[in-house]
Amino acid sequence: MANFKLEIRWGVIFTLSLLAWMIIERLVGLHTTHIDKHPLYTSLFAIVAVVLYALALREKRRTDFGGSMNWAQGFITGVYISIVVAALSPLNQLLIHKVVSPQFFTNAATHTVETGNMTPVEAGEYFSLSNYMVQSTIGALLMGIVTAAVVALFVRGK
């Protein structure tokens, strides 16, 4: 476990950053009055994600690899961070949708039905805690691996 201390720490930092992002989204009305703009602005978190992975891999290169890290070492580090984020995703979704923004699913489903993008049944199934827990876990793992692969190209050092 001590060998993965950095990866665990950065996985927790990533998870807390996402939680903070959701709090900001709620405060600016992206979960209520401006829910129509939510998909656009929530995707901006990808920038934060890339920055966090870059910071984590730079730290790993500096502290564990003496300033010299190849792509594979950076990629593996990013994969471990992604595993931590994926493991914490269900809990994070629970906090987001039960504490931070309990009205999100109702508002999102209502908006989606009103715009004709889904039926009420489809929206009810899609905008649910269980579905978001699954989506966030799989998404964290898949997007984390892709992010790790790309960021490792830029952070590797000779």
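Mentor: In this predicted model, the elements of the chain run α-α-α-α-α-α-α from the N terminus on. The count is 7 helices and 0 strands.

Trainee: What share of the chain counts as buried, and what makes a residue buried?

Mentor: A residue is buried when its relative accessible area is under 20%. Of the 158 residues, 38% count as buried.

Trainee: What makes a group of residues a nonpolar core?

Mentor: The members must be buried residues of nonpolar kinds, such as Leu, Phe or Trp, joined through side-chain atoms within 4.5 Å. The largest such set has 20 residues, and those with the most contacts inside it include Trp10, Phe14 and Tyr53. Helices H1, H3, H4 and H7 each supply at least two residues of this core, and H3 gives the largest share, 6 residues.

Trainee: Which residues does Tyr53 touch?

Mentor: Contact requires heavy atoms within 4.5 Å. Leaving aside residues up to four places away in sequence, Tyr53 touches Phe14, Gly78, Ile81, Ser82, Gly144, Thr147, Ala148 and Val151. A second, separate core of 9 residues includes Phe104, Phe105, Ala109 and Tyr132.

Trainee: How many side chains are positive and how many negative?

Mentor: Lys and Arg count as positive, Asp and Glu as negative. On that basis the chain has 11 positive and 8 negative side chains, with the centres of the two sets 16 Å apart.

Terms used
Residues are numbered from 1 along each chain as its sequence is written. This is a predicted model: local features need pLDDT of at least 70, side-chain atom pairs count only at pLDDT 80 or more; totals for chains, interfaces and linings use all residues. Side-chain values use heavy atoms; hydrogens and water are left out. Helices (H or I, at least four residues) and strands (E, at least two) are DSSP runs, numbered from the N terminus. Buried means under 20% relative accessible area, exposed over 50%, partly exposed in between (1.4 Å probe, protein chains only). The place of a charge is taken as NZ of Lys, CZ of Arg, CG of Asp or CD of Glu.
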